[in-house]
Amino acid sequence: MAQATVAFQGEIGAYSEEAAARLFGPKLRVKPCRDLADVFKAVEAGKAEYGIAPIENSLEGSINQTYDLLLYSQLKVCHEVIVKITHCLIANCGVRLDSIKAVYSHPQALAQCRDFLDRLNGENIPTYDTAGSVKMIKGKNLTDSAAIASERAAQIYHMEILARGIENNPQNFTRFLVLSKQDSPPTGSDKTSLIFSTKHVPGTLLKALEGLAAQGINLTKIESRPIVGKPWEYNFYLDFEGHRTEGRVQQALENLTQNSIFVNLLGSYPKARGG
């Protein structure tokens, strides 16, 4: 994986870049993207070998945009990475905490620090990125504003940390998916992700899941997302233990297909530690 180009959403110093560095090492080449959709496009167009996208946070739940992008993409999930998120309140050097009137950050970061921000009693302003907020505050030399981002972002942009560990709960983790044009070979400790939908009649979801249970498949996550244009109908996203090449998984997928309108296999990949 040395010298791979990895696309991620945000600026240098974003948590997504940290996740990429953990998997690919310090020699990776990065391609910062403004939006998550641009991450998918970069890999699809061959401008990056890999893309990385957050899929869920232990405090705030699922990242719906990532789920929606997976539905229409031909990319495969080839790895997952779990990063412990420690948020810092970051400002220009010399700025005091009691002078902060506005805090900028990604909406997820603002939500994860809601308790601290309520006590601060300033204006909370959503932006497209955590590290990008730090970069903006530095570029504009704002002296009454701060950003929520990582300690690494403060170091990269030579800014001052006013408070550390400001997230609502210290057990704050984000799971990232790594996207490529192929998934990964079996390792013996793998997960598989897929999307499926069933007929909108009673019992069909139960029958679909029973086909997995019959093969001893252990589900690790199930998520529903509305089908656009069909009110109260849903696509279901599943993560489960096992690799698509295993016999029991292949049989489970056959069972699922028989009870579904469609099945989109997103890929099999090594299970991350803690995942």
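## Strands β13 and β14

R225 stands opposite N235 in β14. Strand β14 (residues 234-241) is joined to β13 by seven bridges, and the two run antiparallel. Strands here are DSSP runs of E with at least two residues, helices are DSSP runs of H or I with at least four residues, and both are numbered from the N terminus. Two strands are taken as paired if DSSP finds at least two bridges between them.

## Basis of the model

The model is predicted: local features need pLDDT of at least 70 and side-chain atom pairs count only at pLDDT 80 or more, while totals for chains, interfaces and linings use all residues. Residues are numbered from 1 along each chain as its sequence is written, and side-chain values use heavy atoms, with hydrogens and water left out.

The β13-β14 pair belongs to an open sheet of four strands, ordered β13-β14-β12-β15, with antiparallel pairing. Because β13 (219-226) and β15 (262-270) stand at the edges with a single partner strand each, one side of each has no neighbour in the sheet. From one strand to the next, the twist averages 15°.

Helix α3 (residues 64-72) lies across β12 (190-197), β13, β14 and β15, and runs at about 85° to β13. Such angles run from 0 to 180 degrees between N-to-C directions, with axes fitted as lines to C-alpha atoms, for helices over the stretch in contact; contact means heavy atoms within 4.5 Å.

E17 is located in helix α1 (residues 15-24). With a relative accessible area of 7%, E17 is buried; the term denotes values under 20%, exposed those over 50%, and partly exposed those in between, using a 1.4 Å probe and protein chains only.

A polar atom of the E17 side chain lies 2.7 Å from the backbone nitrogen of G13. When neighbours within four places in sequence are set aside, E17 is in contact with F8, I12, V30 and R152.

## Positive phi in two loops

Most residues other than glycine have a negative phi. H158 is not a glycine, yet has a positive phi of about 55°. H158 is placed in the loop between α7 (151-156) and β10 (160-164) and is exposed, with a relative accessible area of 59%.

W232, also a residue other than glycine, has a positive phi near 70°. The loop between β13 and β14 holds W232, which counts as exposed at 67% relative accessibility.

Conventions. Polar contact = N/O pair within 3.5 Å; in protein donor to acceptor, adjacent residues only side chain to side chain.
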